[in-house]
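Look at the structure first, then read on.

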Amino acid sequence: GPPVALDGSGALPLALDDDALARAGLDTVPARGAGTATVPGAFKLLEDAVARFGSRPIAELAAKAIELAEDGYQVRSTLAGAASRAAAEIVSDPVLGPLFVPDGRPVTEGSLVRNPVLAGCLAALCTYGSDLLYRGELGRAVTEAVAVGGGYLTEVDLERHATLTTDLRSTQFRGHTVWELPPPTQGVAVLHALDAISADMDEVRSESDWLRVIEHMRRAMALSGFDLDAMGPRTPRAAGDTTYIAAVDHRGGGASLI
């Protein structure tokens with residue numbers, strides 16, 4: 001059957017609006033810091049997905065992550081490069097700084113990163129469930145830390161959170177059905193671009209004709225509501241911190257997680 005889509009993204013805090021930003025002397029949400037914090041939804045998403053589709057308890061599935069956080073993992077070249085590029089930006093961050101820029105120096109390839117606080121947090125969530133975050137002690141600690149940092153997240157925002165089942169969008173491309181999540185993701189832009197490429201196959205002659213593909217993607221992003229031309233030099237841009245995982249099992253069942 002068709003794939004099932006779960007949206008675990010957290011909503012904007014109720015108090016984060018144009019007036020609140022204006023009072024803080026801002027005209028847009030800052031690129032980093034407590035002011036960017038939305039409701040954290042990742043663990044709840046995983047918890048709900050495992051409850052609905054999983055064959056093992058979430059504590060068992062999280063055991064390796066807890067072990068890596070507690071005992072540490074070795075830095076590879078990709079993380080070493082990212083830490084070096086971001087060092088000036090995150091060195092003063094109370095969490096990221098000690099982890100990835102300890103003593104003011106970015107971690108290097110081969111060094112060990114340990115995060116026992118995260119290990120304890122994950123273990124507690126596996127034991128008590130996500131209510132520990134949305135209606136419990138962990139949530140209060142999160143909102144207090146965000147408030148100290150000038151953010152807008154409150155316990156009311158946490159209590160309102162839920163994982164949503166959402167309708168996927170799809171299109172046909174070269175004999176395949178391509179599925180994407182609807183807004184607030186950018187997935188519909190991919191579908192618009194694929195449709196344009198399909199209608200323009202005389203120009204897009206091969207997979208290496210990237211200039212045409214990129215132009216179709218720009219137009220598709222604009223069609224999906226992203227005004228790329230309006231993004232001037234003052235617009236904050238993320239440095240690239242999205243993680244994507246895909247897995248397909250021996251029965252043909254697949255999971256795609258961003």
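Arg-219 is exposed, because its relative accessibility is 53% and the cut-off for exposed is over 50%. Keep in mind that this is a predicted model.

**A pair within one helix**

Which residue does Arg-219 form a salt bridge with? The partner is Glu-215, and the closest N and O atoms are 3.2 Å apart. Both residues sit in helix α12, which covers residues 210-223. They are four residues apart there, so about one helical turn separates them. Glu-215 has a relative accessible area of 34%, so Glu-215 is partly exposed.

Some salt bridges share partners. In this way Lys-44, Glu-47 and Asp-48 are joined into one network.

**Two further pairs**

Arg-56 and Glu-60 also meet through their side chains in a salt bridge, at 3.4 Å from N to O. Arg-56 is partly exposed, at 46% relative accessibility. Glu-60 is partly exposed too, at 43%.

Glu-70 and Arg-114 form another salt bridge, with 3.5 Å from N to O. This pair links distant parts of the chain, since the two residues are 44 residues apart. Glu-70 belongs to helix α4 (residues 63-71). Arg-114 lies in the loop between β3 (112-113) and α7 (116-128). Glu-70 is partly exposed, with a relative accessible area of 34%. Arg-114 is partly exposed as well, at 42%.

The table sets out these pairs.

| Salt bridge | N to O distance |
|---|---|
| Arg-219 and Glu-215 | 3.2 Å |
| Arg-56 and Glu-60 | 3.4 Å |
| Glu-70 and Arg-114 | 3.5 Å |

How many salt bridges does the count come to? It comes to eight.

Now turn to Asp-157, in helix α10 (residues 155-159). Is Asp-157 buried or exposed? Asp-157 is buried, yet it has no salt bridge.

What lies 2.9 Å from a polar atom of the Asp-157 side chain? The answer is the backbone nitrogen of Thr-154. Asp-157 also touches residues beyond four places away in sequence. These are Leu-12, Pro-13, Leu-14, Val-39 and Tyr-152.

Definitions and conventions:
Residues are numbered from 1 along each chain as its sequence is written. This is a predicted model: local features need pLDDT of at least 70, side-chain atom pairs count only at pLDDT 80 or more; totals for chains, interfaces and linings use all residues. Side-chain values use heavy atoms; hydrogens and water are left out. A salt bridge is a side-chain nitrogen of Lys or Arg within 4 Å of a carboxyl oxygen of Asp or Glu. Buried means under 20% relative accessible area, exposed over 50%, partly exposed in between (1.4 Å probe, protein chains only). Lys and Arg count as positive and Asp and Glu as negative; His and the chain ends are not counted. A polar contact is a pair of N or O atoms within 3.5 Å; within protein, one must be able to donate a hydrogen and the other to accept it, and residues adjacent in sequence count only if both atoms are side-chain atoms. Contact means heavy atoms within 4.5 Å.
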